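Hello,

Here is the structure I promised to pass on to you. Please open it alongside this note, and then read on for what was found in it.

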Amino acid sequence: MIELAVSAAVMVGCLAGTVQFGYTFYIYNQLVTAVGNGGRYAAMRTYRAGAPSDIEKGKAAIRNMVTYGDARPAPDALPQVPNLKPDQVEVDWVMDDSGNPASVNVSLIDYTVDAAFGMFRFTGKPAVEYPFVGRFAPTESEP
Amino acid sequence: MSVAMVLMLAVMGLAFDFGRIYIARNEAQVFTDAAAMAAASKLDGTDAGLDRARQAVARLPMRWNLGTKSFTGVVVKFSPDKQSWARVTAPDNQVEITFLRAVGGPPVFTVLAHSVAAAKPVRLIE
């Protein structure tokens, strides 16, 4: 009876840890995919900079791509990763000396995985940097 | 009891070690995608273009192993005409195995990723 109590405690602890880390790794893997796809989308889309609001609209489209897998999601769209929100996606454009977009950084800020037996918080990761290879349209506006 | 312990280690290994391996593979693939596009975007048919491409790959700040390790040993190759495509391989990502090695698994698992990007226009082609 004592043996069972001791071994059960160990086993339950190990299984709890397995569930916790397994689920966290599963979610992190999905985040890597989402951020990577969003980064590639950002690198290839047209950078419209007719007004500061157009740049913000472009960033919003990139955030939506990371979050929903769609730059213009339906109002009832579900996030690709549980509890991921567009606000948690950071998009930073790196400009070259001429003021043209050279690359884009996409990362997550303050995303928490609720893994049943514990929480893991990711800030600044996953992160990607893609070179900008799309069309630069400094006078165009976002549709 | 010992049979149960082996089984438990195997289950933990499947969840923990395979989870890390899949993440490393995904991180390496995203890195080589970005690196191949960065390299291809610099190609112009000259040796200077190849140098710029290699520098662009080396400058990428991306990391693996849950975002903790830099990529090392990255191989960058180009088309013979120096302007059609760039291939980037990340061959040296060794994930240390924690639990599966206790039940006969290898001590490390090497994750490899590669990508090829065309230069005009810059697009991933492999």
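To start with a loop: P121(B) sits in the loop between β5 and β6 of chain B, where helices (H or I, at least four residues) and strands (E, at least two) are DSSP runs numbered from the N terminus. The peptide bond that joins K120(B) and P121(B) is cis, with omega about -5 degrees. Before going further, please note that this is a predicted model: local features need pLDDT of at least 70, side-chain atom pairs count only at pLDDT 80 or more, and totals for chains, interfaces and linings use all residues. Residues are numbered from 1 along each chain as its sequence is written, while chains are lettered from A and ligands numbered from 1 in the order in which they are written.

Chain A has a cis bond as well, from K125(A) to P126(A), with omega near -5 degrees. P126(A) lies in the loop between β5 (119-122) and β6 of chain A. Most residues other than glycine have a negative phi, and most peptide bonds are trans.

Two residues other than glycine have a positive phi: N83(A), near 70 degrees, and L66(B), near 60 degrees. N83(A) is in the loop between α2 (52-68) and β2 (89-95) of chain A, and L66(B) is in the loop between β1 (63-64) and β2 (69-70) of chain B. For burial, the count is of other C-beta atoms, placed from the backbone, within 10 Å of a residue's own: 20 or more is buried, 12 or fewer exposed, and in between partly exposed. N83(A) has 11 such neighbours and therefore counts as exposed, whereas L66(B), with 17, is partly exposed.

Now to the sheet in chain B. Four strands form an open sheet in the order β3-β4-β5-β6, with antiparallel pairing; strands pair if DSSP finds at least two bridges between them. β3 and β6 (123-124) of chain B are at the edges with a single partner strand each, so one side of each has no neighbour in the sheet. Strand β5 (residues 108-118) of chain B pairs with β6(B) over 2 bridges, and A118(B) stands opposite R123(B) in β6(B).

Next comes helix α2 of chain B (residues 47-59). In this helix L50(B), A53(B), A56(B) and V57(B) are buried. Seen down the helix axis, the buried residues of α2(B) fall within an arc of 120 degrees, so they line one face; the arc is that of the directions from the axis to the C-beta atoms. The face turned away from the buried side carries exposed residues, including D47(B), D51(B) and R59(B). The buried residues pack against β6 (127-131) of chain A together with α1 (2-40), β3 (75-78) and β4 (85-96) of chain B, contact being C-beta atoms, placed from the backbone, within 7 Å.

How do the chains meet? The contact takes 24 residues from chain A and 25 residues from chain B. On the side of chain A that touches chain B, the largest share, 16 residues, comes from α1(A).

Finally, the largest nonpolar core has 63 residues, of which F31(B), A34(B), M37(B), A39(B) and A40(B) touch the most other members. Such a core is a set of buried Ala, Val, Leu, Ile, Met, Phe, Trp, Tyr and Cys residues joined through C-beta atoms within 7 Å. Its largest share, 12 residues, comes from α1(B).

Best wishes

Conventions:
Two residues are in contact if their C-beta atoms, placed from the backbone, lie within 7 Å.
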